[in-house]
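Here are my notes for your next look at the model. Have it open while you read, and go through the points in order.

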Amino acid sequence: MGGSLIPGIQQAIMNTLQYMLFYLIFSLPLTLSYRTTKVINFAHANFITYGAYVAIFLHGIMGLNIMSVAAILAFLITGAIAVLNNVLVFTPLQKRGSSPAIIMISSMGLWIAYKYLLYMTTDIAHYYTIKNFVSYGRITYSDVPRGSVGGVELSQAFVASLITASLVVVLLYLLLEKTKIGRAMRAVADNPSLAEISGIPKSFVVNLTWFICGGIAGIGGVIWTSFSGAITPEAGDSMILQVFTVGFIGGLVSLLRTGIGAVLIAAIENVGIAILNTYFGVPVSFRPFLTFVTLITTLIVSPPLGAGGGLPYRFLKRGSRR
Amino acid sequence: MIGFDIVGFMISWLTLFGIYAILSLTLNLESGTAGITNFGKVVFYGVGAYVSATLTAYLILMLNGVDVSETPPYDIEGIILLGELGNKSPLLNIGLLVLSLMIAFAVSGSLGYLLTYPILRVGPAFVGFTLLSSGELLRIFLQHYEPVGASKGLMAIPTPFGWIADSRVREAAYLSLVLGLLALTYVVTHKLINSPLGRTLRALRDDEIAALCLGKHVPRIKATILFIGSGFAGMAGVLLAYYLTSVNPNMFVPAVTFNVWAMIILGGFGNLKGSLLGAAIITFVDRVLTFVTPQLGVTVISPDYLRWVIVGLLIVIVLLVNPKGLLPEKPIKTPALDVVLEELRGESR
Amino acid sequence: MSVILEVRDVAKYFGGVKALDGVSLTVPERGLVGLIGPNGSGKTTLFNVITGFYVPDRGSVLFKESNDLVRVDGLNPNEVFKKGIVRTFQIPRLFSSLTVLENLLVTPIGQKGESPVRALFRNSWSTQERELAEKAIELLKKFNMLHYVNSRISELSAAHIKMLETIRGLMTPAKLYLLDEPAAGVDYMMAKELFTYVKRLRDEHNLTFFIIEHRLEILMEYVDYVYVLHNGKLLSEGKPQEVISDPKVIEAYIGV
Amino acid sequence: MAFDMKTLALVIVVLIIGLAVGYGIAAVTGGGAVTTVTVTPEKKVYTIGFTLPLSGELSSIGKVWEKVVQLAIEDLNKEVQAYGFNVEFRSVILDDGTTAERALQNVQSFVQQGIKVVIGPAASAQVKAVKSYVDANKIVLISPSSTAPTLAIPNDYIFRTVGSDAGQAKALAALAYQEGARKVIVFYRNDEYGKAFADFFENYFREMGGTVVKLPYQTGLPDYASEVATLASKVQSEGAEAVVLIAFDTDGANILSHAAESDVLSSVRWFISEGPHGAKELLSSAVGQFASRVRLFGTRPLFIANPLYEDFKNRMVQRFGEEPGVFSENLYDAIKLAGWAILRAGTYDGEAIRAALIEVAKTYYGPSGWTIFDSAGDKAQQDYGVWAIVPGGPMGYQFKDVGLYERGSIIFLEEAYS
């Protein structure tokens, strides 16, 4: 029985950690952007995928395999895209006083457009290079060390995502807690109108937030190329449900709860399914199912009220008499 | 040798238009009027399709004395049997159509009713996402559930008019069925919107908290609307299943929902005729593209990608430039307006 | 005069913050009662508890129903409304995509046409609809807003919006009004006009008013009793003049 | 009932627009044909419709297929003209995005332009969706890649130029057993292809006396790391000697590159279906080394040492700089068969062509070998080759056919891994 109660538990735990790091890198910016701008941004998926494809095109067309370069480039590009979305779509809509629902729908439109724009790009790239960009193999980078702690092999992806995730967490903390602009961000998040009064350039704060959030997700995408065995233009989309679920567990407000969500989902998807499979013979193919079940349960048990402008309605009426 | 069968074209296009129009009308009732951002339309569509497929396949076999535990309809023997037994009695086929329409309505509707529970208190932004992911939930479930063929899906589903020999007549008959149900959907949604209920729905859309403070039982109203909308979506699913005579889990992907969204946004949020128009335009363009793209020869970029980019941008641009869509929302028509008119006439006199 | 609303020792905490800490007060029938206090003293929280937005952590809210007091705390807002408690908001919440008439017609509860089945059969609700429309027109006439009947909310002045939000409740058998800063964002003359209307409503429709207001100079002219909240506790109460001259109150207001 | 009238009006308007544009299209398509006729007055033009997965799940093979169609049509025209037929075959290629609904729309459009022979669609689910329409309108439809056993239906209008998975499952079972595996874990995509294949494999491998543990995985995931982890734990807990992977290209590559990092999975044998064959992602050094470490073998439908296939492969490379992907040769032969069937039928009529196709297929031998159909209209004769990943080629590693399946056993033609 491979020594332990759940055979191969070590690997499962390694994967849990790996996924946790990815979910942190993908979900923290999502939460931050929602908190500051109140936009549920489906196009978040594009940030991830575009980040990955920056690295892929660099590798596939120019033969460049330096992650740091790809990461910086991805940060700038996806960040720029995020700002562009905000300036061209979200801000005008908000100015007109469109409802959050409408803005979400617009982000859905952007999501579709960007996704197939990328497909078109891969077609063109394929035409000139006769390489298959629609399904691209893992990239081995020259500038990322492979670690080894206590006999456990640490892949490039793990090292890279560990460094990035810790950087993101620390820098976000410093930014939000210690700097003036960070406090401005929180002010905008907590009370936009008040922030306006207290003379903080709101539009700048919002754009900066978008830039950072888009950029971080993009870097995550780059790291993804060193982890996933085959990257497709769907990579971000097929992950977005998990990423959002992680965010929802945090109610899309608290960065800390988002972190908890990352751990929870990662654990469910790796250790959880391993246990279910070993002891209850649940097929592995139920893994995504578990994630969605978690989402629905979260919404029923602890609905992220407030965040979505929820309804003050109680199905179970405590305290009511006769 | 190349002629063009205009009648065949119209039939095939209008059939698809009818199915999508039912979806867009009901989505417009839910999202355009009541403000429930339903990104999970495909769930109820899919459930309807599977209900009719399963019901028809199994009942046809059973009523012909086949032991479905021996030869289930999703195995090759069952499929061949379905082909042979499928179109023996017109009455049975029609009966099965009616039955699956009713059951599909009930099942999809109830599912919609239940799904409102988790999403009710979490505000519009979360609703869309939850319904979206419940679509994926359904797909994975279907891929594992053996009685409905699991990942194989079901095929060779006997169609209501399969007994009509001439294919053209059969297609026409089916088209009239589709358009009939479309008309029903239109009348119902139209009456619902132009009534005190419709007014309350718009109030909900504008400010559901205020509506709650005015004594409106917001949860019940939302659930009811999702029941009706999903019920009709289920019927659309039935039509699809009989049209393709096969169902497969991978038919019901989120892209279907987005297509319908594009239709109602293009046509006009809250305007039913707009939804018809939107559905007509998009399905029509899709059909026409199948004739035009070959003229381009082998292209670097697949035209399908271009088509989706345009759909995506269309959603954004319409919302930015003309949020009302092609046909803007009309004021609700109730007798109250007449009263006001009389009153004002009285004033002026 | 009998009591229509009684708040018994109500407390509401948000985490550590004591928004309300044991507040008890009564509102007499046909009264015009003011509720004042510095920012963050818990006025709106109290309204939220009364109207069912929050469940109080302690205490109870009672409301007069056929000559005896009934608990209404813990009910959902829509049920509270059905009991006859109408509430207006600091920032008025009217339905922006509906006309003035429709905003009035939405209000009545138990409309036949609101059941999805009946809605399909016009005749089953058209008569009731006509009656409601006539009622709405009567109201608009009374407060001479008839010429706005078909205009959208965006075309109304701030004062008219506030007035409409108040009139809206008259479409139903309302008993008690909770007005949250009716005079906010309205110029002095208009504000006075509003309060005159309120008085009129009280007298003509036998209504009771419980009013949060910051602009004391206006409030004090009209109300016949005032409660003062401070840090979630009742600081003082009494006739306007007494309260105004109460040193505790002055201190609280200056202190802020 | 004013609104009813309005709806009616709207519908009518839409109808009119439809008719107008419809005729416009008719003019366009018709025009296309007419021009060619004017070039060479008496030449007869036959059009074959293609519905290919140029986008969507199978787009990576669809792109290659588009080129195969070009090549095949050219060859066909040269050939028939060499035989003195004064005819020209033209292709109308449509993208179906690997979806059932679009596939049906495409076939309908073909029918409405009077096209009687359609090649494609790729996926079995799509073929099922178009089946009833095709049968009703007497259209000959040839799918080069649908292998679902549920479509083996006698005397319909659906033909398939690819052997059913049953045959290959047998070959793969023989391969695994012959290589000494007695207990295997079948790790398969949870879709119709994977499930059917896994079931067949289970049956045959049991008959041979082996034991099988089945482990499905969900398709279309961003990554399969945790699935592979579970696979590893299963291998340990079950004490299996080999993994049988039944996958497509993307997921197969993904799984293998994760497996390469697992010690457990590097210590058991690996046997693979035809899906991942040809996927460039497999030619990375990591996977290549893994392949030689676990002595990875795969099976695929192939008439081994078939000169026509070698020739076809080389011509693809020199013409488009691209190797033919999975089922390319089956597509090529489908086109050739269709062409000759039309000529044999004499008239451009579905029923006649169907009859002719069956006859033509009996005597045709192409890159995919003998194409004779069985009673269900599927490829009756199918040999299977064994492929491996060996050093060499531009990317450092390359696919190589190293053996063949002959009367229930595998014969290795060369030593793949030293």
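**Notes on the model**

1. Start with chain D: the C-alpha centres of its domain 1 and domain 2 lie 30 Å apart. Domain 1 of chain D covers 44-162 + 327-370, and domain 2 covers 166-303 + 384-412; these bounds come from an automatic or database domain assignment. Where they touch, domain 1 of chain D puts in nine residues and domain 2 of chain D seven residues, with a contact meaning that the C-beta atoms of two residues, placed from the backbone, lie within 7 Å. On the domain 1 side of that contact, there are four nonpolar, five polar and no charged residues. For these classes, Ala, Val, Leu, Ile, Met, Phe, Trp, Tyr, Cys and Pro count as nonpolar, Asp, Glu, Lys and Arg as charged, and the others, Gly among them, as polar.

2. A word on ground rules: this is a predicted model, where local features need pLDDT of at least 70, side-chain atom pairs count only at pLDDT 80 or more, and totals for chains, interfaces and linings use all residues. Residues are numbered from 1 along each chain as its sequence is written, while chains are lettered from A and ligands numbered from 1 in the order in which they are written.

3. Next, the sheet in chain D. It is open, with eight strands in the order β7-β6-β8-β9-β10-β13-β14-β15 and mixed pairing. Helices (H or I, at least four residues) and strands (E, at least two) are DSSP runs, numbered from the N terminus, and two strands pair if DSSP finds at least two bridges between them. At the edges stand β7 (211-217) and β15 (409-412) of chain D; each has a single partner strand, so one side of each has no neighbour in the sheet. On average, neighbouring strands are turned by 30° against each other, direction ignored.

4. Zoom in on β6 (residues 183-189) of chain D, which pairs with β8 (residues 242-246) of chain D in the parallel sense over five bridges. Opposite D:Ala242 in β8(D) you'll find D:Val184. Helix α7 (residues 225-238) of chain D lies across β6, β7 and β8 of chain D, at about 160° to β6(D). Axes here are lines fitted to C-alpha atoms, for helices over the stretch in contact, and angles run from 0 to 180 degrees between N-to-C directions.

5. Over in chain B, the axes of α1 (residues 6-33) and α9 (residues 218-244) come within 9 Å and cross at roughly 170°. That makes α1(B) roughly antiparallel to α9(B) (angles over 145 degrees count as such). Among the residues that meet are B:Ile19 and B:Leu23 in α1(B), and B:Phe232 and B:Leu239 in α9(B). By class, this contact has 14 nonpolar, three polar and one charged residues.

6. Which pair of chains has the most contacts? Of the five pairs that touch, it is chains A and B. Here 45 residues of chain A are in contact with 44 residues of chain B. On the chain A side, α4(A) gives the most, with 18 residues, and the classes are 36 nonpolar, eight polar and one charged.

7. Finally, 36 residues of chain A are in contact with 39 residues of chain D. α10(A) gives the most to that side of chain A, with six residues, and the classes there are 16 nonpolar, 17 polar and three charged. No contact joins chain C and chain D, whose closest C-alpha atoms lie 12 Å apart.

Technical notes: Angles under 35 degrees count as roughly parallel, over 145 as roughly antiparallel, 65 to 115 as roughly perpendicular and the rest as oblique.
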